[in-house]
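This briefing is meant for someone meeting the structure for the first time.

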Amino acid sequence: MTRDPRYDVLFEPVRIGPVTARNRFYQVPHCNGMGRTHPTAMAVMRGIKAEGGWAVVCTEQCDIHPTSETTREIRLWDDRDIPSLARMTEQVHEHGGLAGIELTHMGYHAYNVTSREVPMAPSATPAYGILPQQAREMDISDIADYRRWHRAAARRSKEAGFDIIVVYAGHDLSLLMHFLSPRTNRRTDEYGGSVENRARLLREVIEDTKQEVGDSCGVAVRVAVDELLGEAGITSDREGRAVLDLLGELPDLWDINVSEWHNDSQTSRFSEEGFQEAYISFAKQHTSKPVVGVGRYTSPDHMVSLINKGVFDMIGAARPSIADPFLPKKIEEGRLDDIRECIGCNICVASDMHSAPIRCTQNPTMGEEWRRDWHPERITPKDTDDRVLVVGAGPAGLEAAMSLGRRGYDVMLAEAGTELGGRVARECRLPGLSAWGRVRDYRTGQLNKLANVGIYLDSAMTAESVLETGCSLVAVAGGATWRRDGTGRSHVIPIPGLDDGNVFTPDDVMGDAPITGPVVVFDDDHYYMGGVTAEKLRSQGLQVTLVTPMAEASAWTVYTLELDRIQKRLLEAGVEILGSHTLSGIGGNEVETACVHTGRIRRLACASVVLVTGRDPDDMLFDTLTGDPDALVAAGIRRLTRIGDALAPGTIAAAIWSGHRFARELGERLPDGPTYRYELPALAEPI
Ligand code: ADP
Ligand code: SF4
């Protein structure tokens, strides 16, 4: 296939100071939970982005000094940190990309729980979040120290082979942004007050970096031009424009976005592709240097219009490059149907928050490139003669069938329902989740190209019909159903009074069961389902109270950066949230709730209850089949496996990963030792 000439503009080279990007695709810095504890995994993951066509591939934030210390991110504190980062630049260079590094000192945002150094800030202030610690105000000698540390880190970056040094003033994760924002800078010296003064340190650090490495490295600035806090913080009309006017010609590239991370990485539930444009599209009028921006861009037409309208010179991406590291290559080769579009769910963010190697709903190979040898675009051809039956076409079944098909296996995909997608097909009809349909659409599109995969809709498989297929490998991917008895985290035995009430589950809500108000939604799941169920019922005009044992609705979404937006949306819609309460009984036209701290009882009048608690794996088929091992042998079935929610209900990401793993490993039993490669700690000199 050849590229559509409409997209030629995306493949023009861009000069970034002394270096040249081969096209306009720029992978902006992004966290990945691997950092300095998994350097080889990080290096190979970044190298694959370059292989997939990203002209610039950046690291995540890199700490420059022990006064700015995170537990997991990469660092350049001294020369010993150079080799592990050189491993990444080698991988990126091998595939023709430019490697960028984002240097930072996190200021008051640095917890320093290991180093025990006191955090520093432009003005004395409580440390970020709820840490019982204050950051101290930097004096002039501190500022000089910081500039020296930054210079040294830039020099080490060059030694590690980086082509672009990113001076970081974004996400509230950088001293440079703390100096810029009136919210965090209350100084009265030459570094405080006017915008010019607040931008002074940024100017100095750009100049230092240019002097130190500018002969051979491009110097980029990543800056937050709006904090979405109105006058209290940085605004694009005030600081954003002023910074570009004052410093516009100083660096070799501007990478501009909004702060903080939860504003920059909004999920699809709360924002569309290109949601930042209102805040950042002014930039190119204020500088002649290349401008990069992000906005979850996956549409090549949208990208072309951004370049042609003069909004950006390069298309920045973190999440779209995670969901599809080969996005640029696929556009270049005219394979638009093959693009695996990001669904904007932020499971990638959540893994970083858990200090775990990055994972992605759409791309099960993300984070597994080195440790399991999983390449996003290549999979080993089949090495057995098995015919494979996959029962159930939810995310797990679709992924398994697609990946097995790519390996060349003869596959039967049997689905009881009349549409593909399982839970995704249902959930993407819930408020705000339509982009999640991409999980189904991508896989359905790919399956349609595979002649060796037969898809059978309206085919509820029984043990007898499974035995008749003649398949030698069987994966049961029948999913799970929401429990109707309220058991889950808070209740190990059913909630009393279930038979007296009008009791429903999210499956009923998604099936548009007739539910009357007032409704109590009991959320003991804590991810999106409780909140989204309440939102849907409220949009039908019902009075809704969400009861949860946690302090806030959808508490786990703190890891996907959605917690605050979910509370706001629910409260503004008129949903009552009763936090720190469990549901202790149901009966007649009311429910009984109990405070999780005091046990104090409250009664709420309601006509219906929706229980968002545990889920039951649909494993009856599996149990029936395993109950008759002789029949399996007689039918020629050599291995029977459960995958996805049928094995253990979890996220869509986990189901897809499980399906992918089955396709790679064919359900082999776990070895006694490690199941993947990992880095061993390097011992210090002998004691
Ligand atoms: P997962 O997230 O693990 O992929 P889902 O619940 O999304 O699970 O999808 C499971 C799919 O399996 C559903 O579409 C369901 O209709 C289908 N299914 C369940 N049992 C059977 C069966 N016995 N035969 C065929 N399809 C089944
Ligand atoms: Fe996109 Fe979700 Fe993958 Fe993150 S985890 S890259 S948001 S699909």
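Predicted model: local features only at pLDDT ≥ 70, side-chain atom pairs only at ≥ 80, totals over all residues.

In sorting residues by class, Ala, Val, Leu, Ile, Met, Phe, Trp, Tyr, Cys and Pro count as nonpolar, Asp, Glu, Lys and Arg count as charged, and the others, Gly among them, count as polar. By these classes, the shell around ligand 1 has 12 nonpolar, seven polar and four charged residues.

**Ligand 1**

- Ligand 1 is surrounded by 23 residues, of which the closest are Ala396, Glu415, Arg423, Met461 and Asp645.
- Oxygen atoms of ligand 1 lie 2.8 Å from a polar backbone atom of Ala396 and 2.7 Å from a polar backbone atom of Arg423, while a backbone N or O atom of Pro395 is 3.1 Å from an oxygen atom of this ligand.
- Taken alone, ligand 1 exposes 580 Å², and the protein buries 88% of that area.

**Ligand 2**

- The residues that surround ligand 2 include Arg319, Ile322, Ala323, Cys342, Cys345, Cys348 and Cys360.
- By class, the shell around ligand 2 has eight nonpolar, three polar and one charged residues.

**The five-stranded sheet**

- Five strands, in the order β17-β16-β15-β18-β29, form an open sheet with parallel pairing.
- The edges of this sheet are β17 (453–456) and β29 (639–642), each of which has a single partner strand, so one side of each is left without a neighbour in the sheet.
- On average, and with direction ignored, neighbouring strands of this sheet are turned by 15° against each other.
- Within the sheet, β15 (residues 387–391) and β16 (residues 410–414) pair in the parallel sense over five bridges, and Arg387 has Asp410 in β16 as its bridge partner.

**The three-stranded sheet**

- Three strands, in the order β24-β25-β26, form an open sheet in which the pairing is antiparallel.
- Here β24 (581–587) and β26 (601–605) stand at the edges with a single partner strand each, so that one side of each is left without a neighbour in the sheet.
- Neighbouring strands of this sheet are turned by 30° against each other on average, again with direction ignored.
- The antiparallel pairing of β24 with β25 (residues 590–595) runs over six bridges, and Ile586 stands opposite Val591 in β25.

Note on methods:
Residues numbered from 1 in each chain as written. Chains lettered and ligands numbered in written order. Heavy atoms only, no water. Pairing = 2+ DSSP bridges. Helix = DSSP H or I, 4+ residues; strand = E, 2+ residues; numbered from the N terminus. Axes fitted to C-alpha atoms, helices over the stretch in contact; angles between N-to-C directions. Near = heavy atom within 4 Å. Polar contact = N/O pair within 3.5 Å; in protein donor to acceptor, adjacent residues only side chain to side chain. Areas by Shrake-Rupley, 256 points an atom, 1.4 Å probe, with all protein chains shown as cover.
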